[in-house]
Amino acid sequence: MRQSMLLTKTRKEGLKDEVSKNANLLIRAGFINKEMAGVYSYLPLGLRTLNKISNIAREEMNKIGSQELLLTALQDKEPWVKSGRWSDDVYDIWFKTKLKNGTEIGLGSTHEEPLVTLMKNHIRSYKDLPVSAYQIQTKFRNEVRAKAGIMRGREFLMKDMYSFSKDEKEHEIFYEKAKVAYSHIFKRLGIGDRTYFTYALGGTFSKYSHEYQTLAINGEDTIYCCDECMVAINKELIDEIKECPSCKNKKLIERKSVEVGNIFKLGIKYSEPLGLIYIDEKGAKKFVFMGCYGFGPSRTMGTITEILSDEKGLVWPVSVAPFKVHIVEISSENKKVRETSEKLYDIFTKNGVEVLYDDRDARAGEKFNDSDLIGIPLRIVISEKGLEKGEFEIKQRIDGKVFNIKEKELMDFVNKYN
RNA sequence: CGGAGUGUAGUGUAACGGUAGCAUUCGUGCUUUGGGAGCAUGCGAUCCGGGUUCGAAUCCCGGCACUCCGACCA
């Protein structure tokens, strides 16, 4: 991508009304646009990152055999009445609207009801189980107070997976697979070493639910961490659980964190009222045993921003960066500089390396500042001064470390860089 | 949902009830070119609706929006 063609511009200063670090930086760098309180659009750079996060989740869900689908945002009232969640008194984050004929409908905030209703058409026998489905979709939640930028919006992207099993025992097998998939997701996102598997208050059918909590100073949650085994306990349970459930370690450290994922047992909470039934080997009718597995790509993008960015701007792990390499051309009027930049841009593009090429006619300072702000992992500066050295100077965004690489080793270096 | 605050060019700010100013961005020209450079010149704004007043960005009422604190957060 040529930066001169990019439809967004960076801002030197943040917006007065955007206090959260994540939204402030993402707006300055041109990743998102604020439409209303808690409602943000994703612009080209931001969408690239958001899609990468989603894709990592998608790949990991596929690996454990879950199948992707896309349910509707407009939701039929009936299943929600049956499950008892249509009333605003019970479930207070509804966005509701009406069809022209007066029929009430809801905007999807979660999808247990519609999916269970749908699966009634496809699950009849024990032979149809176990099965799992997931989607990556925009959720709508009428939060009374949006805050923390894209960490807590009224409209946000969520990956929600649901599992359907014959019984609790079969459910547990899938649940364990999902845990592994989740740990892979956070590892690949570059936040695995600070994301804790956390015991939290559970639903009707399990004592606890499990959250994935990523340490962040500005986080809304408080957890008690066991650093021996990366397990934590949500503050809401600390009176009940006083030691690490995994290794019995009693030394738990209080820290702030962000809930980036949440998995829990649903049991027959929805299959019972909605009538999701299968026939077992003996011909008996049984309720399908369910699990639910959430992960928020947009919230995770905000979390990564909160924990990795510095005073100069964003810092992206390679796995989610909008581009891997930023070619910054200094003095585009210099023929040799221009030719070298173009050549490099061409080579990277042909080799499938995602590259942003700052071909704008702008001053060095402006380009460097923009480059730092956008936060692409590797920056290659092409300038008259640099060309004389016969090597390329590659600067790592995360710590400013510089590598001097000969041209023939360049592609190898970039390909191996992760 | 309770409490507090704020709405002025794209952005950030100023103006006692009396000419809406400054900075930056943006356009043009010249100079400059390794960390948001300089000179000149130009474009661009009082959230919406009422009221008070000779006169309202300013005072009053209503609405809308945004921010913060708290409560809430499968």
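Helices are DSSP runs of H or I with at least four residues, numbered from the N terminus. The legends below refer to a predicted model.

View 1. RNA strand B is surrounded by 35 residues, and the closest are Ala-37, Ala-364, Gly-365, Ser-383 and Gly-386. By class, this surface comprises 14 charged, 11 polar and 10 nonpolar residues.

**View 2. Domain arrangement of chain A.** The domain assignment divides chain A into domain 1, covering residues 8–308, and domain 2, covering residues 325–416. Between the C-alpha centres of domain 1 and domain 2 the separation is 39 Å.

**View 3. Crossing of helices H2 and H7.** Helix H2 comprises residues 44–63 and helix H7 residues 297–308; their axes come within 9 Å and cross at roughly 115°. The crossing of H2 and H7 is right-handed. On the H2 side, the contact is formed by Thr-49, Leu-50, Ile-53, Ser-54 and Ala-57, while H7 contributes Pro-297, Ser-298, Thr-300 and Met-301. The residues of this contact comprise 5 nonpolar and 4 polar residues, with no charged residue.

Conventions:
Residues numbered from 1 in each chain as written. Chains lettered and ligands numbered in written order. Predicted model: local features only at pLDDT ≥ 70, side-chain atom pairs only at ≥ 80, totals over all residues. Near = placed C-beta within 6 Å. Nonpolar A, V, L, I, M, F, W, Y, C, P; charged D, E, K, R; others polar. Domains from an automatic or database assignment. Axes fitted to C-alpha atoms, helices over the stretch in contact; angles between N-to-C directions. Helix = DSSP H or I, 4+ residues; strand = E, 2+ residues; numbered from the N terminus. Left-handed = near helix turned anticlockwise from the far one by under 90°. Contact = placed C-beta atoms within 7 Å.
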